[in-house]
Amino acid sequence: MNDSSSNPQQRAANSLVQGGLVSAQGVDLDLFEPIDTQVQEWTTDSGTGVKFVEARGLPIVDIVLRFKAGTTQDTVLPGLASLAFYMLDEGSQHHTATQQAEQLERLGAIMEKQMRMEHATLSLRSLSTKVLLEPALALFIDLVARPAFTADALAKIKSQLLRHDASRERTPRLRARSEAFRHLFSGHQYGNPLGSTQQGIDQTKPEDLRRFHQRAYCASNLDIVIVGDLALAQAQAVSQRISEALPQGWSAIELPTVVPATGTTLHVEQPGASSAVLIALPMSVPAHDPEYPALVLASEVLGAGIASRLMKELRHRRGLTYGIYTRVNALTAGGLFSAEWDIAPAYVEGSQVLVETLLREFIDQGPTQAELQMARKQLAGQLLRDVAQNKNLAALLTQITYQRQPADYLDTCIERLARLTPEDVRAVMQRRLDLSHAVRVSVGPRTEQQPLPATDQ
């Protein structure tokens with residue numbers, strides 16, 4: 001008889017296998033890995049706030065500039081902020097647009113930009129080797145601080161912006177969002193979601209751009225995030241160099257608080273095979289409010305993935321749509337909580353009633369413990385993935401700064417989510433979300449409405 005227990009090598013192998021199994025059984029999948037990101041902060045001599053994370057794993061540096069120079073800063077000419085932003089890489093006082101692009105490509109550097117209602121963001125990704133980073137940074141600073149704003153380039157950008165706005169209005173889902181903003185924020189800067197008008201674009205001149213740039217793109221109206229292969233002293237020198245090159249001494253205008261709007265139902269007639277549908281609720285909860293995480297968790301449970309409540313009901317059980325998603329959009333002076341989906345035109349009204357019924361039930365009853373735990377895992381997993389990648393971490397720190405989150409936000413975010421109970425989430429939703437103010441928007445062809453098909457169970 002062959003007794004394996006008498007074989008020392010076999011006993012060792014069994015011990016390893018059994019030990020591994022015992023260890024796996026002891027893993028608590030409900031515990032979240034803590035985050036310990038060393039974020040250093042300072043303010044430059046010119047008043048620019050800076051966040052820096054030293055990351056030595058790759059020879060790369062990510063630099064993000066976020067100016068409070070979004071479309072809500074247009075006080076006279078709607079479109080001025082967008083035109084100024086898109087003109088930044090159309091040539092400077094030292095280089096043409098072609099020269100800028102060719103030199104950045106030769107250095108292996110990447111510049112990206114993004115325009116939003118409340119901010120304008122530009123980023124630079126470069127290798128950290130001094131011989132490459134120094135000229136890339138010089139080009140980046142020249143582009144941001146000393147744009148040429150020529151008349152020929154302005155004519156081109158005006159035409160592009162008009163086409164871009166027209167394209168957004170023709171895209172059903174984007175048009176639905178725009179109509180919700182126009183109603184919820186009527187009379188407020190948020191009420192112009194395109195950020196421009198034909199008249200504002202037509203009337204803007206190069207001198208208007210220069211005046212706007214001197215105000216909005218100044219050092220005191222800027223936050224900088226740096227992540228990558230630099231020492232603290234090097235990062236401080238980079239931030240000081242950027243800050244000193246910019247105009248000085250101006251801050252963004254403060255936006256007035258949004259006045260609550262009444263609920264309504266809106267339809268935009270547009271040809272197509274399907275309709276884009278949206279239900280939006282006003283939500284005056286800034287992202288740094290202690291109750292904001294509960295709303296983020298609620299959105300995650302409702303419509304943030306294939307297993308969410310709304311997805312199960314509309315896609316899995318009824319086959320009405322490929323996807324339905326919820327969003328929490330927290331702005332400085334207001335915000336909204338919304339659900340969006342595409343559907344056959346004949347089921348627009350029925351699906352709106354169904355989604356509103358599901359929202360009402362969710363607000364009244366709250367999530368289950370299992371739903372909440374799954375949502376926490378999804379959010380924690382996304383946060384851990386973002387922190388692990390330099391570019392995503394830079395974007396996350398930029399967002400945190402804009403949201404005025406506390407200094408320990410990254411290290412405590414997962415813990416704060418873990419402390420929220422189903423009762424906490426339900427209570428916050430009942431305080432903050434009012435379905436009587438719901439705005440229902442549909443964009444698509446008008447057709448005879450039909451009852452929703454029966455569920456598959």
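So, the largest nonpolar core here has 59 residues. By nonpolar core I mean buried Ala, Val, Leu, Ile, Met, Phe, Trp, Tyr and Cys residues joined through side-chain atoms within 4.5 Å, and buried means under 20% relative accessible area with a 1.4 Å probe, protein chains only. Trp341, Val355 and Leu410 have the most contacts inside this core. Leaving aside neighbours within four places in sequence, Val355 is in contact (heavy atoms within 4.5 Å) with Ile279, Leu310, Leu314, Ile324, Ala339 and Trp341. There's also a second, separate core of 55 residues, and Val61, Met111, Leu137 and Tyr217 are among its members.

Quick word on the source: this is a predicted model, where local features need pLDDT of at least 70, side-chain atom pairs count only at pLDDT 80 or more, and totals for chains, interfaces and linings use all residues. Residues are numbered from 1 along each chain as its sequence is written, and side-chain values use heavy atoms, with hydrogens and water left out.

Okay, helices. How do H13 and H15 run relative to each other? The axes of H13 (residues 369-388) and H15 (residues 409-419) come within 10 Å and cross at roughly 170 degrees; the axes are lines fitted to C-alpha atoms over the stretch in contact, with angles from 0 to 180 degrees between N-to-C directions. H13 and H15 are therefore roughly antiparallel, a label for angles over 145 degrees. On the H13 side, the contact includes Arg376, Leu379 and Leu383, and on the H15 side it includes Leu410, Cys413 and Leu417.

Technical notes. Buried < 20%, exposed > 50% of the residue type's maximum accessible area, 1.4 Å probe, protein only. Helix = DSSP H or I, 4+ residues; strand = E, 2+ residues; numbered from the N terminus. Parallel < 35°, antiparallel > 145°, perpendicular 65-115°, else oblique.
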